[in-house]
Amino acid sequence: MRLLIVEDEVRLASALQRGLGAEGFTVDLAHSGPDGLHMAQETTYDAVILDIMLPELSGYRIIEQLRAAENWVPILMLTAKDGEYDEADALDLGADDYLTKPFSFVVLLARIRALLRRGVQPRPASLTVDDLVLDPAAHTVRRGETNVELTPREFSLLEFLMRRAGDAVSKADILHHVWDANYDGDANVVEVYVGYLRRKIDVPFERQSLQTVRGAGYRLTSEG
């Protein structure tokens, strides 16, 4: 397994290279943001260990550019930034895991193994179905170039349907994932909110992407 470590603390990077090498990994090093981005773009890695605070180009921007290019290499952030918003920003941009310094090498090794078990899978920061785009982090929705304003419940419903795009999703599944697990009200509330959603994402654009599947529930599709 080949890893890339992007870390500007040279001694730490070298120590990680030796330790992971002893565990059987092949490890490449980069000590600046541009070098790390270039190596991640030009070489196929099984995982990248990435700092946030790097010379010339931050770890955040590296994640953005890799994901924008549909490079889904697993990324573990290894950083001294221990704020909850720092972690949330990294994960929302497309990082797969986050570990703060100082850290346990045993835990780092376990996190790397966990990433490698998942493999390389598409994990876009934004969800896209045809020209409908939903950004969970920014909490925005647009159809083509037009922004669509949704209530929090409508947004949650659309996000769930987009994550299951093409599948018929039952009312029960929608209630379980979009409403509170203990919700015991009228299940027809799903129909009501599907109607609200259609009037915002379909009707103004002369689309029929949010479809009723008789006896099964609802399906969001790029067709129509």
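Val48 stands opposite Ile75, a residue of β4. The two strands involved, β3 (residues 47-50) and β4 (residues 75-79), run parallel and share three bridges; strands here are DSSP E runs of at least two residues and helices are H or I runs of at least four, numbered from the N terminus. This is a predicted model, so to speak with caveats: local features need pLDDT of at least 70 and side-chain atom pairs count only at pLDDT 80 or more, while totals for chains, interfaces and linings use all residues. Residues are numbered from 1 along each chain as its sequence is written, and side-chain values use heavy atoms, leaving out hydrogens and water.

**The parallel sheet**

- Five strands make up this open sheet, in the order β2-β1-β3-β4-β5, with parallel pairing (two strands pair if DSSP finds at least two bridges between them).
- At the edges sit β2 and β5 (97-100), each pairing on one side only.
- From one strand to the next, the twist averages 20°.
- Helix α1 packs on this sheet and touches β1, β2, β3 and β4, with its direction at about 170° to that of β2 (contact is heavy atoms within 4.5 Å; axes are lines fitted to C-alpha atoms, for helices over the stretch in contact, and angles run from 0 to 180 degrees between N-to-C directions).
- To get from β1 to β2 the chain goes through helix α1 (residues 10-22), a right-handed β-α-β crossover (with the strands pointing away from the viewer, the path from the first strand over the helix to the second runs clockwise).

**Helix α2 and what covers it**

- α2 lies across β1 and β2, and it runs at about 140° to β2.
- Within α2 (residues 33-42), Gly33, Gly36, Leu37 and Ala40 are buried (under 20% relative accessible area, with exposed over 50% and partly exposed in between, using a 1.4 Å probe and protein chains only).
- Looking down the α2 axis, those buried residues fall within an arc of 95°, so they line one face of the helix (the arc is that of the directions from the helix axis to the C-beta atoms).
- The cover over the buried residues of α2 includes β1 (2-6), β2 (26-30) and α3 (59-68).

**The antiparallel sheet**

- Here four strands form an open sheet, β6-β7-β8-β9, paired antiparallel.
- β6 (127-129) and β9 (146-147) are the edge strands, each pairing on one side only.
- β7 (residues 132-135) and β8 (residues 140-143) pair antiparallel over four bridges, and Asp135 stands opposite Thr140 in β8.
- Helix α6 (residues 152-163) packs on the sheet, where it touches β6, β7 and β8, and its direction makes about 115° with that of β7.

**The α7/α8 contact**

- The axes of α7 (residues 171-178) and α8 (residues 189-201) come within 10 Å and cross at roughly 80°.
- That makes α7 roughly perpendicular to α8 (65 to 115 degrees; under 35 is roughly parallel, over 145 roughly antiparallel and the rest oblique).
- Lys171, Ile174 and Leu175 of α7 meet Val189, Val190 and Glu191 of α8.

- The Lys101 to Pro102 peptide bond is cis, with omega near -5°, and Pro102 is in the loop between β5 and α5 (105-118).
- Glu56, not a glycine, has a positive phi of about 75°; Glu56 is in the loop between β3 and α3 and is exposed, with a relative accessible area of 71%.
- Glu206 also isn't a glycine, and its phi is positive, near 55°; Glu206 is in the loop between α8 and β10 (210-213) and counts as exposed at 74% relative accessibility.
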